Amino acid sequence: MTDYICRLMQEEDLSEVVDLVKSASDYPWSLQNIRESLFSNYDKAFVLCSLSGLEILAFAVIHKVLDESHLQNIVIKKEEQGRGLGSYFLEQLIKFVKDQNQHTLLLEVRASNAIAIKLYESIGFQLDGIRKGYYPKGSGREDARLYSLSFV
Ligand SMILES: CC(C)(COP(=O)(O)OP(=O)(O)OC[C@H]1O[C@@H](n2cnc3c(N)ncnc32)[C@H](O)[C@@H]1OP(=O)(O)O)[C@@H](O)C(=O)NCCC(=O)NCCS
């Protein structure tokens, strides 16, 4: 996994990231969501690029609140999913969070998102609870699973 660069997202990346997110997620963030994360004082938006730097392969956002961080989103390009990039990118994000002296990384995930749940549990995230009916799904709702990874 040495063929990739994890860097902060730039404004010039916006349209490529919007396309990536739209084609890769069942519930994609809008252009406005992504733009806000780019300019917020509390969010850091990251992209994972091929070593040439020409292609963006993944996008993620970390939100910081005091000494805790929250993984707001992580999306791997559709054609690149299932090849280990999610695990690699998340490890890079965890390194960033640790370097910021944060003591916990939190996240929530749809109960139906089995691949994301596998990713988080295989990295060591602990299930802290279930938030009933948290997400809209079709005409109904679905639960959120709440996870944390502690560094202390
Ligand atoms: C969820 C997501 C980030 C995972 O990234 P990825 O690059 O596809 O996942 P990886 O290849 O790193 O695999 C992570 C784990 O899931 C497993 N996995 C990956 N694809 C799988 C599949 N199609 N079926 C079953 N398991 C799968 C892997 O075996 C691995 O588990 P392991 O470490 O125990 O072997 C990615 O699929 C994605 O972008 N999904 C759409 C957006 C999304 O749902 N984001 C999460 C929001 S909370």
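Me: Which of the 19 residues around the ligand come nearest?

Reply: Gln81, Gly82, Gly86, Ser87 and Ser122 come nearest, where a residue counts as near if its C-beta atom, placed from the backbone, lies within 6 Å of the molecule. This is a predicted model, in which local features need pLDDT of at least 70 and side-chain atom pairs count only at pLDDT 80 or more, while totals for chains, interfaces and linings use all residues. Residues are numbered from 1 along each chain as its sequence is written.

Me: Which helix gives the most to the shell around the ligand?

Reply: That is α4, with 5 residues, and β4 (68-76), α3 (85-99) and α4 (114-123) each supply at least two. Helices are DSSP runs of H or I with at least four residues, and strands are runs of E with at least two, numbered from the N terminus.

Me: Why are β2 and β3 said to pair?

Reply: Two strands pair if DSSP finds at least two bridges between them, and β2 (residues 43-50) and β3 (residues 56-65) have 7 bridges in the antiparallel sense, so they meet the definition. Leucine 48 has alanine 58 in β3 as its bridge partner. The two strands form a hairpin with 5 residues between them, and glycine 53 in the turn has a positive phi of about 80 degrees.

Me: How do you know that β3 and β4 pair?

Reply: They are joined by 8 bridges and run antiparallel, and therefore they pair, since at least two bridges are required. Lysine 64 stands opposite serine 69 in β4. Their hairpin has 2 residues between the strands, and leucine 66 takes a positive phi near 50 degrees there.
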